[in-house]
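Reader: I have this one open on the screen and want to go through how it is put together. Start with the sheets, please.

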Amino acid sequence: MVYWVDIILLQTESFTIAIFIYLTYISFTMGQEKILKNIENMTISAKEKISQCKNILIVGHLDADGISSTSIAKKMFEHAGHNTDYLIVKQLDSITIKKAEEYKKDLTVFVDLGSGQLDKISNYIEDNKIMVLDHHQPSKKEHPNILLHLNAHLLGMDGSREISGSGMCYLFSRYYLEKDEKLQKELEKIAIIGMMGDMQLRDGAVGMNKQILEWAKDNNVVAIKKDICYFGKQTRPIFKLLEYATDPIIPTISFNHENTKAFICSYINPRDNDNFWKRWIDLKNEEAQKITGGLIKLFLENNNGNANFALKQLFCDTYQFLDEAKGTEFRDVMEFSTVLNACGRHDKWKDGVELIIGNRDNLPTITTLLENHRRCLANSIDIIKKAKIKRMNNIQVFFAGDTIKSTIIGTVAGMALGARILDRSIPVLAVSNDPEDSSFSKISGRGTKKMIFRGLRLNDAMNLSEKFGGEGGGHDIAAGCRIPNEKMDEFLEAVDKGIGEQMKNG
Ligand SMILES: [Mn+2]
């Protein structure tokens with residue numbers, strides 16, 4: 001029997017919840033609006049000075065987000081009548097800044113990097129010839145004479161989760177360019193590739209990313225669909241999709257060729273009329289459901305009552321570009337961003353930019369490149385599996401020397417954490433030789449979200465390198481530095497201590 005008091009209480013409660021949701025929504029959109037207004041104001045006040053700079057050099061980071069950011073900048077500046085040149089770098093340090101200075105342009109625009117190295121940039125390039133669009137942690141000092149500095153954190157956004165470098169470039173373009181719907185759509189598309197490349201969409205979009213995705217969805221740029229999270233739904237035969245599944249690892253299936261094939265065949269006929277293996281997108285609804293049901297069963301049976309987390313990871317929002325052909329690497333945003341990553345990491349960043357901008361002449365090279373990249377990652381994971389890991393109090397260190405390229409070692413370290421090859425309770429520092437200077441090493445640090453909740457700030461830890469004659473920067477969850485070899489032990493001690501301090505209350 002229900003009493004009227006209960007009904008009132010129930011109504012009051014849902015009313016309170018409704019009000020709460022409404023207020024949260026309002027404060028969220030108001031926060032967003034304020035940020036956009038600030039970006040608009042800052043862009044408009046710098047616009048005239050920027051317009052006067054005929055020749056522009058764009059300097060971007062070499063990952064998928066950096067290549068996307070560079071492409072947005074190139075497209076929009078050319079559209080606005082500037083001449084552009086671009087340069088993609090692994091890390092913004094004195095060597096690469098000097099390189100940029102040698103171009104002697106009217107304006108150097110740093111995208112997806114720069115905010116943490118303004119002091120250093122200022123040493124080589126005059127302040128009034130510098131512009132920065134970035135989402136990395138900024139350094140503390142202000143530089144009032146810089147033409148324009150749009151940084152996610154300074155504008156009140158979390159640059160690790162809420163917006164990418166490409167997103168910052170896109171927002172700038174909204175206020176710098178005269179309205180042009182076709183171009184806006186193209187730039188929205190590129191902004192989304194960057195978000196994905198920086199792993200900001202893994203648990204669903206939040207903050208400004210969500211806003212940009214909504215614009216893109218309304219413009220029919222992208223379709224968003226809940227699906228299994230695995231890589232290769234457009235291009236891989238399903239047995240490969242499942243066999244190489246790492247996030248989450250499928251019990252008894254991942255990395256087991258025979259089991260994977262047997263599993264699939266027990267649910268569906270895996271071959272099409274021409275006897276080719278079907279891809280995920282070729283499956284009929286009921287076939288996909290059967291496989292998904294089978295996967296859920298595997299997780300429930302093999303995770304000792306701990307299946308919830310893995311099951312949550314199994315599904316996510318997936319994103320498809322509506323102007324790209326089905327079954328290509330470019331239809332699915334996850335695959336597209338991986339192509340770009342492969343380009344950047346293997347010195348083909350020019351191809352990456354060309355690809356985004358619309359020049360697809362080099363496609364065969366790019367598919368081979370993708371295969372190489374996958375093989376490189378798999379080999380490197382094997383190397384980590386067999387390697388001796390130096391375990392300190394609060395960090396684990398892996399020395400790769402020359403065995404893993406410094407351009408992919410961060411990705412590999414992140415994968416090894418994800419696949420539990422490394423201890424997931426403390427961050428990993430992966431060390432490789434610096435190819436540009438043999439007296440230096442490069443270090444890539446990776447953590448997990450859980451560690452961030454416990455206080456981890458890898459960018460602060462990597463910044464300690466400056467005390468030892470090195471240089472560094474990045475995000476709380478992923479950061480890097482270079483350090484003189486002779487200072488390595490001292491530096492690692494300092495990082496171990498520093499990270500212990502950061503995470504001591506977690
Ligand atoms: Mn980025």
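Reader: What is the strand order in the open sheet of five strands?
Author: The order is E2-E1-E3-E4-E5, and the pairing is parallel. Strands pair here if DSSP finds at least two bridges between them. Helices (H or I, at least four residues) and strands (E, at least two) are DSSP runs, numbered from the N terminus.

Reader: Before we go on, how far do I trust the local details?
Author: The model is predicted, so to speak of a local feature takes pLDDT of at least 70 and side-chain atom pairs count only at pLDDT 80 or more, while totals for chains, interfaces and linings use all residues. Residue numbers start from 1 along each chain as its sequence is written.

Reader: Fine. Which are the edge strands of that sheet?
Author: Strand E2 (83–89) and strand E5 (148–151), each of which pairs on one side only. From one strand to the next, the twist averages 15 degrees. Angles run from 0 to 180 degrees between N-to-C directions, with axes fitted to C-alpha atoms, for helices over the stretch in contact.

Reader: How many bridges join E3 to E4?
Author: Four, between residues 107–111 of E3 and residues 130–134 of E4, with the two strands running parallel. Phe 110 is opposite Val 132 of E4.

Reader: Which strands do H2 and H5 lie across?
Author: Helix H2 (residues 64–79) lies across strand E1 (55–61), E2 and E3, at about 165 degrees to E1. Helix H5 (residues 165–176) lies across E1, E3, E4 and E5, at about 120 degrees to E4.

Reader: Now the sheet of six strands. What order?
Author: E8-E9-E10-E11-E13-E12, an open sheet with mixed pairing. Its edge strands, each pairing on one side only, are strand E8 (389–391) and strand E12 (471–474). On average, neighbouring strands of this sheet are turned by 20 degrees against each other, direction ignored.

Reader: In what sense do E11 and E13 pair?
Author: Antiparallel, over seven bridges, with E11 covering residues 440–446 and E13 residues 478–484. Ser 441 is opposite Ile 483 in E13. Helix H15 (residues 409–418) packs on this sheet and touches strand E9 (396–401), strand E10 (428–433), E11 and E13. The direction of H15 makes about 35 degrees with that of E11.

Reader: Change of topic. At what angle do H10 and H11 cross?
Author: Roughly 155 degrees, for helix H10 (residues 285–302) and helix H11 (residues 307–314), whose axes come within 9 Å. That makes H10 roughly antiparallel to H11. The terms go by angle: under 35 degrees is roughly parallel, over 145 roughly antiparallel, 65 to 115 roughly perpendicular, and the rest oblique.

Reader: Which residues meet there?
Author: Leu 295, Ile 296, Phe 299 and Leu 300 of H10 meet Ala 307, Ala 310, Leu 311 and Leu 314 of H11. Contact means C-beta atoms, placed from the backbone, within 7 Å. By class there are eight nonpolar, no polar and no charged residues. Ala, Val, Leu, Ile, Met, Phe, Trp, Tyr, Cys and Pro count as nonpolar, Asp, Glu, Lys and Arg as charged, and the others, Gly among them, as polar.

Reader: And H12, how does that sit against H13?
Author: Helix H12 (residues 333–345) and helix H13 (residues 349–357) cross at roughly 150 degrees, with axes that come within 7 Å. H12 is therefore roughly antiparallel to H13. Leu 340, Cys 343 and Gly 344 of H12 make the contact with Trp 349, Asp 351 and Gly 352 of H13. That contact has three nonpolar, two polar and one charged residues.

Reader: At what angle do H12 and H14 pack?
Author: About 80 degrees, with the axes of H12 and helix H14 (residues 363–386) 9 Å apart. That makes H12 roughly perpendicular to H14. Val 339, Ala 342, Cys 343 and Arg 345 of H12 touch Ile 366, Leu 369, Leu 370 and His 373 of H14. Six of these are nonpolar, one polar and one charged.

Conventions
Contact = placed C-beta atoms within 7 Å.
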